Amino acid sequence: MEQKTIGYITGGSLKTGFLVRLTVPADEIQEGGFVVVQSGNYKFYGLITDLRLKASDSRFSEEKNELRLQKDIALLLNAKTLYTELEILPSLMQKVGPEPGTEDYAQYSQSVDSYPIPVKTLPAHHAVVRIANAFDVWEIFGDPKAKAKFTVGLTREQNHPIAIDLEKFIHRSSGIFGATGTGKSYLTRLILAGLIHSKLASVLVFDMHDEYAFGDTSPDTNIRVPGLKEKLGSHVKVCALGRGTDIQRKLRPDFDLVIEQQDILPEDIEMLSRELNLRETTSNTLAALVQSFGEKKWFKTFMELKSGNGEGTLESWAQENRIIPQAAESLQGKLSRVFNKSYILEKAPTNCIQQIIETLQSGCSVVLSFGKYESDLDYLLVTNILTRKIREVWEKRTNDFHGGTGKQPISLVIAIEEAHKLLNREMAGQTSFAMIAREMRKYFVTLLVIDQRPSQIYDEVMSQLGTRISGWLGDDADISAVLSGLAGREALRGMLSRLQPKEEVLLLGYGVPMPLPVRSRRYDENFWKDLLGDQPIHSTMKDAKKDWMFPDE
Amino acid sequence: MNHSNAFGRIISANSRECVAGYRTSEKELPQFASIVRIPVQEESSYQIYGLVTDVQIEQDDFLRQIAAADSISDEVLSDNRVNRNIPIVIRILFLGFQNESGFSHLLPPKPPLSLDSIYLCTLSEIAGFTSHGNFGYLRHILRVSNVPIAELLAVHLRQTAIAQTANNHSAWIKNAIEEIIDLMRDDSAGLLEILSALGDADISME
Ligand SMILES: Nc1ncnc2c1ncn2[C@@H]1O[C@H](COP(=O)(O)OP(=O)(O)OP(=O)(O)O)[C@@H](O)[C@H]1O
Ligand SMILES: [Mg+2]
């Protein structure tokens, strides 16, 4: 096993990290490198978080001694007195086991002793520091080929594959962050593909920009990449908002989503307060409406109440219910944006929401495409209604399961792009999402939050996120948000702001044994070949594929 | 071994250094920073290694008179330089010793006896002594007082590098400079002075 030694321990503490004197040229080492320190009975695993130029005396660094001394002598002097110091953020330590491959090792690797644990002590002075090799990566991040493991990237120095644990990934809500163009959507596609393929969970994707079902053409490279439906056809159903809506203008979805008027509750409207610029009087008016017409009828009836005066008008209803008529009129006016939505019908031809829920319960995933309904109003309203219904079902299913009257519900992951729209501080109290992030893991539902402005997401939700994957972030507040609640925040800050602008991410949190920056796995045909193998697409699937891809043929 | 002739005898000694007298009539001139050895008479295998740190011409009243004269005849000049008995005094810093178990860079356990003879070391003796151990003898040089250490080291290293190269050990000089840098790390001014003297001595590191 190759062992690239880079230096030795010169100091440090658990709080501030280990200090290392580098014995190789500084440019061979990069921030974020995964290193191993072996000392006594333990191996310590950590990340390079800082590099610093040092001199044993400032006179040696401040004066250009190569100008006044003979060249060879100056070189010797510089090599001896000028050096680079590394700072290492220690994460894990592990008892050193027997040689891999031996019988003793087999026994050891099964025992508790072999588990890496959080760092609790220090390596000795002068302990040798080296770059992690394939075996170290394997010990910490596990076998990327194992079940429930999914490779998300490669180490930056030596291209060792790094896998996340999908079971942990869905066990708590997770987040994918990064400034625009850092590769969030590409990475999400990768991970969702792995997740769907693993059959560990159903996934519901709120696909605001039509990127996930049928793929997408990169504006940067003009290369078209396939979507989840194209590659995982039988495990993914595509649903489009509105009746007869085509996706990307030519592709038919598996089914449509139409929302019935009776599904809309006052809280769905209140959640739109900012969007519709509603007043404080709104909740009073809504409560009165429900009281007068019932939870299922208020929306339709309110929509149809006429203006003017006399019986059956808005004004007379308002007066009867001690509502200021102007308030009622203003609300009705503002709600016209909702009344006019063509995906809201009095009666849907089929119970679409039920269909989505059943599909998800059967272990199949659903991509909900918003198509032309791109406004925040559509996104907020539809995701909230749908999620509320889903939450009710999963809660009931889980209670039945614990009561002994049902099966364990299948795990569900709800992926939301532009999550801050739904999970900002103002909204968090009102939508189902914050609640899911907080406690729905007990009910087998978690979120996959995708966002470029993590600081806009309510901190309470952020702190609940288990696995976090973040690309480059420039804004300090965003960086703080991503790192909130994690150990070693200070050391990791700089690393986030110095990631490559694209296709490099920092893995953090619960789903990974220790933080690590990686080069993102490429999302391309090779990825799909790796995931699916070279198996030919099943013939019936092929037909089905034709059907949805080219409806006119 | 190619033994050289003795060139002087011990006049006084302590545990760190000794002073020797030198007769001008002898052929081999002891130079500043030469490595010398002093076999101690009593014990056959015990000899002390040292470094010439100073060469001094003693004054006397007669010399003062001559020097003050308007002109000096050639006769008087050569009579003074060649025939005088002990006109030159050499200071020798001890670097270590050799006994039946080999070299040591510790100070000699016993100083030499008066009138012990002093020999210039041959190249292979120099190479043998200076490549023993890990440059321990350098600390004695770096500690010496009343001597321009930078000059002393520069000349010493240049001569020793020649001896080492002759004995197929050309990496010695690089290691020696590194050792000096290590030892002098905390005295940057002193170190830079030494290193620039090394530059003046034109030491080649090939
Ligand atoms: N894993 C990857 N494999 C291949 N190409 C990638 C990958 N990640 C990023 N890219 C390239 O980077 C571009 C931007 O990625 P992506 O669309 O995922 O960014 P984003 O973070 O979702 O941005 P936005 O916030 O604007 O939606 C892609 O068009 C693609 O060319
Ligand atoms: Mg995107």
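**Cavities, a pocket and a helix pair**

Two cavities of 30 Å³ or more turn up in this model. On a 1 Å grid over the protein atoms alone, a cavity is a set of points where a 1.4 Å probe fits but cannot get out, while a pocket is an open set with protein on both sides within 12 Å along at least five of seven lines; lining residues have an atom within 4 Å of a point. Grid points are joined across faces, edges and corners, and a volume is the space filled by probe spheres set on the points. As for housekeeping, residues are numbered from 1 along each chain as its sequence is written, with chains lettered from A and ligands numbered from 1 in the order in which they are written. The model is predicted, so to speak with its own rules: local features need pLDDT of at least 70, side-chain atom pairs count only at pLDDT 80 or more, totals for chains, interfaces and linings use all residues, and side-chain values use heavy atoms, with hydrogens and water left out.The largest cavity has a volume of about 60 Å³. Its lining is made up of A:Leu278, A:Arg279, A:Thr281, A:Thr282, A:Thr285, A:Ala327, A:Ser330, A:Leu331 and A:Lys334. Helices (H or I, at least four residues) and strands (E, at least two) are DSSP runs, numbered from the N terminus. By class, this lining has three nonpolar, four polar and two charged residues. Here Ala, Val, Leu, Ile, Met, Phe, Trp, Tyr, Cys and Pro count as nonpolar, Asp, Glu, Lys and Arg as charged, and the others, Gly among them, as polar.

The second largest cavity holds about 50 Å³ of space. Among its lining residues are A:Ile176, A:Phe177, A:Gly183, A:Lys184 and A:Leu187. Strand S10 (174-177) and H7 of chain A are the elements that give two or more residues to this lining. Its classes come to four nonpolar, four polar and one charged.

Now for the open space. The largest pocket has a volume of about 790 Å³. It is lined by 34 residues, and the closest to its centre are A:Gly183, A:Tyr186, A:Asp216, A:Ser218 and A:Asp220. Helix H7 (184-198), strand S12 (216-217), strand S13 (224-225) and strand S20 (445-451) of chain A each supply at least two lining residues, with the largest share, five residues, coming from H7(A). The pocket lining divides into nine nonpolar, 11 polar and 14 charged residues.

Over in chain B, look at helix H5 (residues 149-166) and helix H6 (residues 172-184): their axes come within 9 Å and cross at roughly 150°. Because of that angle, H5(B) is roughly antiparallel to H6(B). Axes are lines fitted to C-alpha atoms, for helices over the stretch in contact, and angles run from 0 to 180 degrees between N-to-C directions; under 35 degrees counts as roughly parallel, over 145 as roughly antiparallel, 65 to 115 as roughly perpendicular and the rest as oblique. The contact (heavy atoms within 4.5 Å) involves residues including B:Leu153 and B:Leu157 of H5(B) and B:Trp172 and B:Ile173 of H6(B). It divides into eight nonpolar, two polar and no charged residues.

How confident is the predictor? Chain A averages a pLDDT (confidence in each residue, from 0 to 100) of 86, and 95% of the residues score at least 70. Within chain A, confidence is lowest in helix H24 (residues 539-549), at a mean of 41, and highest in strand S2 (residues 17-22), at 96. Where pLDDT is low, the predicted coordinates should not be read in detail. Chain B has a mean pLDDT of 87, and the complex gets an ipTM of 0.85 and a pTM of 0.80.

Technical notes. pLDDT = per-residue confidence, 0-100.
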